[in-house]
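Biologist: I am new to this one. Please show me the structure, and then I will ask how you back up each label.

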Amino acid sequence: AVPHLGALAKCLSDDDSDVRAAACTVLGKHGEVGAEAVAQYLEHQDWRARQAACKVIGDLGQAAVPHLEAVAGRLSDDFPFVRAAACSALGNHGEAAVPHLEAVAGRLSDDFPFVRAAAC
């Protein structure tokens, strides 16, 4: 599967949420290689791809730590689902995400309740 991770990462921008979820599941099992393949989607023009990328990075553990700064950048995304996914992803990384704690706390006053909940 490793040679195909780039192609699989492209599925993060698929219109079908089931396809995005399946891609997240598979990419989340490939550590650093999966993190590298997914990180570029944090800046994708499609909000669904950015949301999915945040979810994968949130599930990758230590392999994703180098990408937490980019995830923190999504806390100010125009789309609330991306902001919520970024909050959750950073929350999953515990101490590694401490430098971004203030930015996550800033989402506690977000206009959308599910973003506020993800920031808790």
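Modeller: Start with D15, which sits in the loop between α1 (5-10) and α2 (17-27). This is a predicted model, where local features need pLDDT of at least 70, side-chain atom pairs count only at pLDDT 80 or more, and totals for chains, interfaces and linings use all residues. Residues are numbered from 1 along each chain as its sequence is written, and side-chain values use heavy atoms, with hydrogens and water left out.

Biologist: What makes a stretch a helix here, and how many helices are there in the protein?

Modeller: Helices are DSSP runs of H or I with at least four residues, while strands are runs of E with at least two; both are numbered from the N terminus. The protein has eight helices and zero strands.

Biologist: Why is D15 called exposed?

Modeller: Exposed means over 50% relative accessible area, buried means under 20%, and partly exposed lies in between (1.4 Å probe, protein chains only). D15 has a relative accessible area of 60%, so it is exposed.

Biologist: Why is L75 called buried?

Modeller: L75 has a relative accessible area of 4%, so it is buried. L75 also lies in a loop, the one between α5 (68-73) and α6 (80-92).

Biologist: Which residues is L75 in contact with, leaving aside its neighbours within four places in sequence?

Modeller: Contact means heavy atoms within 4.5 Å. With those neighbours left aside, L75 is in contact with R83, A86, C87, L90, A103, V104 and R107. On the same terms, D15 is in contact with R20 and R48.

Biologist: What makes the link between the side chains of D15 and R48 a polar contact?

Modeller: A polar contact is a pair of N or O atoms within 3.5 Å; within protein, one must be able to donate a hydrogen and the other to accept it, and residues adjacent in sequence count only if both atoms are side-chain atoms. The side chains of D15 and R48 make such a contact at 2.9 Å.

Biologist: Which residues of α3 are buried, and what covers them?

Modeller: In α3 (residues 31-39), the buried ones are G34, A35, A37, V38 and A39. Their cover includes α1, α2 and α4 (47-59). Across the protein, buried residues make up 42% of the 120 residues.

Biologist: How do you know that the protein is as compact as a globular protein of that length?

Modeller: The elements run α-α-α-α-α-α-α-α from the N terminus on. The radius of gyration is taken over C-alpha atoms, and the globule rule is 2.2 Å times the number of residues to the power 0.38. The protein's radius of gyration is 13 Å, close to the 14 Å that the rule gives for 120 residues, so it is as compact as a globular protein of that length.
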